[in-house]
Amino acid sequence: MGAPSERPERPGKIVILTGAGVSAESGLGTFRDKGGVWTKYDLNEVATPDGFARDPAKVHDFYNARRANAAGARPNAAHGALARLQAEYPGEVVLITQNVDALHEAAGARAIHMHGRLDEACCAACGAVWTAPLQMFPQDPCPECGAQETRPNIVWFGEIPQELDTIALHLEGADLFAAIGTSGQVYPAAGFVEEATRWGARTVELNLEPSDLARLFDEQIGGPASESVPAWVDRLLG
Ligand code: OAD
């Protein structure tokens, strides 16, 4: 693999990782900013397998509220621009999101949801996945096997994110890697910039302000995603 400077001006394959910051202007709170979700809730209680085992009703309440919130949210200009990039860019554009909302899809994009999806339920007994009702409850039976072990199809802390093998292949083939609206505090997603760099990709971070990982990127673009992402996409589409 050549060094980033040997790469063609127009990258062949773009891999984009998004985080909560891309949905912030759609009214969905981020996790670690002032007033963020993890400043109001103890993640050990609502986002771990142990927390669910201790108090499933509490965990369902937490995700029921987030699901209701997300159901009323609309994609913003950043989601729209990423969908346009995926549709119009002559090379491949792979979107990987840590977000559990469906705003990339609502804007017309396809995304790999590595942390799962709020609008899906799954069965801890048989692995079936189905569209989640707006409200889930601990006694809900699985429509496939009947077990009362249904849960939100969300990856909790201590669990393995979804589609990691596919993601690894995409990072290996990336010519340009972008991280948008993520604090870079949760692995394995936080390690993607180093992985993409190892495979020779150019890297860019678009964030409200530089993240803790900023020094690992070749380029920084600041500002709210609803402004920075459309401008960046315009640049890529020439
Ligand atoms: P964080 O809340 O950790 O980080 C959000 C980032 O978005 C911060 O760096 C903000 O500066 C930035 N930001 C905020 N508003 C923005 C805007 N309008 N435009 C651009 N950037 C903005 O969220 P994530 O990095 O997504 O996982 O968090 C990663 C994972 O931690 C989540 O997927 C979730 C959470 O715990 C699980 O629940 C498993």
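Biologist: How far is an oxygen atom of the ligand from a polar backbone atom of Gln98?
Modeller: Keep in mind that this is a predicted model. A polar contact here is a pair of N or O atoms within 3.5 Å. For the polar backbone atom of Gln98, the distance to a ligand oxygen is 3.1 Å.

Biologist: How much of the ligand's accessible area does the protein cover?
Modeller: Start from the ligand on its own, which has 800 Å² of accessible area. The share of this area that the protein covers is 94%.

Biologist: And how many charged residues are in the shell around the ligand?
Modeller: The ligand is surrounded by 23 residues, with Phe31, Arg32, Trp38, Thr182 and Ser183 the closest. Sorted by class, ten of the shell residues are nonpolar and ten are polar. The number of charged residues in that shell is three.

Biologist: Now for the cavities: which residues are closest to the centre of the largest one?
Modeller: The structure has one cavity of 30 Å³ or more, and the largest cavity holds about 70 Å³ of space. Its lining is made up of 13 residues. By class, they are eight nonpolar, four polar and one charged. Closest to the centre are Leu17, Ala179, Thr182, Ala189 and Leu213.

Biologist: Last one: how far apart are the C-alpha centres of domain 1 and domain 2?
Modeller: Domain 1 takes in 1-28, 75-115 and 161-238, while domain 2 takes in 34-72 and 119-154. The two touch, with six residues of domain 1 in contact with six of domain 2. Between their C-alpha centres, the distance is 27 Å.

Key: Residues numbered from 1 in each chain as written. Predicted model: local features only at pLDDT ≥ 70, side-chain atom pairs only at ≥ 80, totals over all residues. Heavy atoms only, no water. Near = heavy atom within 4 Å. Polar contact = N/O pair within 3.5 Å; in protein donor to acceptor, adjacent residues only side chain to side chain. Areas by Shrake-Rupley, 256 points an atom, 1.4 Å probe, with all protein chains shown as cover. Nonpolar A, V, L, I, M, F, W, Y, C, P; charged D, E, K, R; others polar. 1 Å grid on protein atoms, 1.4 Å probe; cavity = no way out; pocket = protein on both sides within 12 Å on 5 of 7 lines; lining within 4 Å. Points joined across faces, edges and corners; volume = space filled by probe spheres on them. Domains from an automatic or database assignment. Contact = heavy atoms within 4.5 Å.
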